[in-house]
Amino acid sequence: MKRRHNILLWAGFVLVLLAVGTYIPIFAVYAATRDVPWVNYLLFAAGGVLLVLGLRRAFGQPKLYRGKVLGSILAGLSVLLFALFCFVIFYISKAIPASETAVRVGQSAPDFTLANWDGKQVSLSDAVQNNRAVVLIFYRGYW
Amino acid sequence: MNDFNQRHIEIAAISVDSTENSRKLSQAKGYTFPVLSDPNADVIRRYGLLHPKGGEDGQDIARPAEILIDATGTIRWENLTDDLRVRARPGQVLEAFDSSIGK
């Protein structure tokens with residue numbers, strides 16, 4: 001008898017790929033799913049459950065289902081991808097220097113004049129005078 | 001953005017990117033606030049926000065930060081994140097303004 005395809009393995013792996021691939025283009029765009037990437041964790045969890053179920057039937061009912069070798073490879077890749085995701089979220093993302101040197105609340109903000117992308121020079125003292133407040137956002141750059 | 005305009009809060013971004021790269025970024029994202037170039041990180045350094053060799057090719061760049069400055073030039077609030085994914089939300093900045101400088 002021909003053994004059946006083990007669709008759970010593929011479905012689980014696709015969810016894991018989605019868990020990795022959707023963070024930057026979709027879920028990192030919104031603060032609610034960015035700061036704690038819970039949607040991506042859910043996708044990983046769902047993918048993991050399907051992979052475990054698929055592996056169980058591949059090894060438990062080998063006469064009925066395929067996927068012992070392929071399932072093991074997909075599960076191994078999934079674990080690697082999850083580890084990579086965690087490495088980025090918990091290590092790379094926090095690899096910035098401590099803030100001890102930063103200017104403090106209560107200090108006066110150092111004045112500056114810098115060029116905007118349209119060529120116009122912008123100075124903090126002008127901006128401060130013409131508004132009730134100025135918010136400076138420091139970016140890492142190199143997009 | 002409207003909430004900021006209503007309160008007369010000006011926003012300005014600063015990075016080490018060239019004006020050319022900042023132009024591309026601003027136009028791609030539709031930013032209506034200035035994105036200023038500090039190519040040698042002089043201003044970033046003066047604010048104590050340097051991330052030495054933090055760039056992809058080992059350049060000195062800025063660490064992420066948001067700083068609220070009042071009309072006298074005094075820093076009233078700041079957000080120095082320890083996680084570069086986690087930036088201040090606009091609501092946090094508005095709240096800081098409302099509670100420190102006033103509506």
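Predicted model: local features only at pLDDT ≥ 70, side-chain atom pairs only at ≥ 80, totals over all residues.
Residues are numbered from 1 along each chain as its sequence is written, and chains are lettered from A in the order in which they are written. Local features need pLDDT of at least 70, side-chain atom pairs count only at pLDDT 80 or more, and totals for chains, interfaces and linings use all residues.

Helix α4 of chain A spans residues 38-60; helices here are DSSP runs (H or I) of at least four residues, and strands are runs (E) of at least two, numbered from the N terminus. From first to last C-alpha, α4(A) reaches 32 Å, close to the expected 33 Å, which is 1.5 Å times one less than the number of residues. Among its buried residues are A:Leu43 and A:Leu50; a residue is buried if 20 or more other C-beta atoms, placed from the backbone, lie within 10 Å of its own.

The axes of α4(A) and α5(A), which are lines fitted to C-alpha atoms over the stretch in contact, come within 10 Å and cross at roughly 160°. The two helices are therefore roughly antiparallel, a term for angles over 145 degrees between N-to-C directions.

In chain B, six of the seven residues of strand β1 (residues 9-15) are buried, so this strand is largely enclosed by the rest of the structure. Strand β3 (residues 133-138) of chain A runs parallel to β1(B), joined by six bridges; strands pair if DSSP finds at least two bridges between them. Three bridges join β1(B) to the parallel strand β2 (residues 35-37) of chain B. B:Ala13 stands opposite A:Ile137 and also opposite B:Val35 in β2(B).

Methods:
Buried ≥ 20, exposed ≤ 12 C-beta atoms within 10 Å, placed from the backbone. Axes fitted to C-alpha atoms, helices over the stretch in contact; angles between N-to-C directions. Parallel < 35°, antiparallel > 145°, perpendicular 65-115°, else oblique.
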